[in-house]
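Opening the notebook on this one. I'll jot down what I look up as I go.

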Amino acid sequence: MTGRTTRPGLGGDPPSSPAAPTVPEQAATPDREQGGQPPAGPAPVADPPAADPTGQPVGSAAPAATATPEPDAGAAEERTPSSPEPAAVGTDPATPSDPAPAPRPDRAQYGVCAFLALVGGLVIADAARTGHAISSADPIGPKPVPILLGVLLLIVAAIYAVDVARGGAGEPEAGEDVDLTSPIDWRTVLLLIGAFLVNAVLIERLGWVISGTLLFWGSAFALGNRHYVRNLLIAVALSLVTFYTFAIGLGVNLPAGVLQGIL
């Protein structure tokens, strides 16, 4: 056949109709009234990622860290301190409900009070036995001043005792480096007492120069000084200086003892 068109009425063959284009099948529309779901198509398969030299796939995430267990809510509530209760109406929250206990008196201070009272009484008793020796150079006499000092000691002892009973206590100095919690060094105390007792016993027999030397040297030894020769020379010098200071400066002759006529 050529390019001419034949008509069916003229006895020719009808022309062939062009073929309809092929339309791919579409998924059936779900029935909305029945609530059907469209059929899911096959999921595409992804290519596996390439592996790096260490054996891990390229682009893969690092291994997930071990999950930290969450704290228990009940344990957290136990560790949380309970909130303070609201203060009562009309009370000051800064003021404690219970009053602070009164400070206890330091009973050791009563010993100091007793010592002062004892010294005051002894001074007054000794002054009362003094005779009435009055001269033109001393119109007052030897009794009033010791009695006045004894009375003042008694007054100080009484005031001190009242202050201790009310809870008064002396405060240590800011620069004091004494550890009050350390025990008493009884060895040092006994050595010092021994040095004073030796001086009191020997001062009349041996004289002040010798007994004073033993006193100064023994005190240095008790306090921990171990320079024996140097301490002995210093003790002799102090004894001689004090002996002549009292004799020349004050007109008081200390006992010379066995050194009588030499000093």
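Which residues does Phe 246 touch, not counting residues up to four places away in sequence? I find Gly 251, Val 252 and Leu 254, with contact meaning heavy atoms within 4.5 Å. Phe 246 sits in helix α6. I get a relative accessible area of 34% for Phe 246, so I log it as partly exposed. My cut-offs are under 20% relative accessible area for buried, over 50% for exposed and partly exposed in between (1.4 Å probe, protein chains only).

Ground rules before going on. This is a predicted model, where local features need pLDDT of at least 70 and side-chain atom pairs count only at pLDDT 80 or more, while totals for chains, interfaces and linings use all residues. Residues are numbered from 1 along each chain as its sequence is written, and side-chain values use heavy atoms, with hydrogens and water left out.

Confidence next. I read pLDDT as the predictor's confidence in each residue, from 0 to 100. The protein has a mean pLDDT of 74, and 54% of its residues reach 70 or more. Confidence is lowest in helix α1 (residues 73–79), with a mean of 51, and highest in helix α5 (residues 208–222), at 95. Over residues 30–35 pLDDT stays under 50, and the model has four contacts beyond four places in sequence for that stretch.

Overall make-up. I count six helices and zero strands, taking helices (H or I, at least four residues) and strands (E, at least two) as DSSP runs numbered from the N terminus. Of the 263 residues in the protein, 11% are buried. Among contacts between residues at least 6 apart in sequence, 50% join residues at least 24 apart.

Then I looked at α5 against α6. How do their axes cross? The axes of α5 and α6 (residues 228–249) come within 8 Å and cross at roughly 135 degrees. That makes α5 oblique to α6. For the angle classes, under 35 degrees is roughly parallel, over 145 roughly antiparallel, 65 to 115 roughly perpendicular and the rest oblique. Axes here are lines fitted to C-alpha atoms, for helices over the stretch in contact, with angles from 0 to 180 degrees between N-to-C directions. Residues meeting across the pair include Trp 208, Phe 216 and Phe 221 in α5 and Tyr 228, Leu 232 and Phe 243 in α6.

Last stop, Ser 219 in helix α5. Is Ser 219 buried or exposed? Ser 219 counts as buried because its relative accessibility is 16%. Leaving aside neighbours within four places in sequence, Ser 219 is in contact with Leu 192 and Ala 195.
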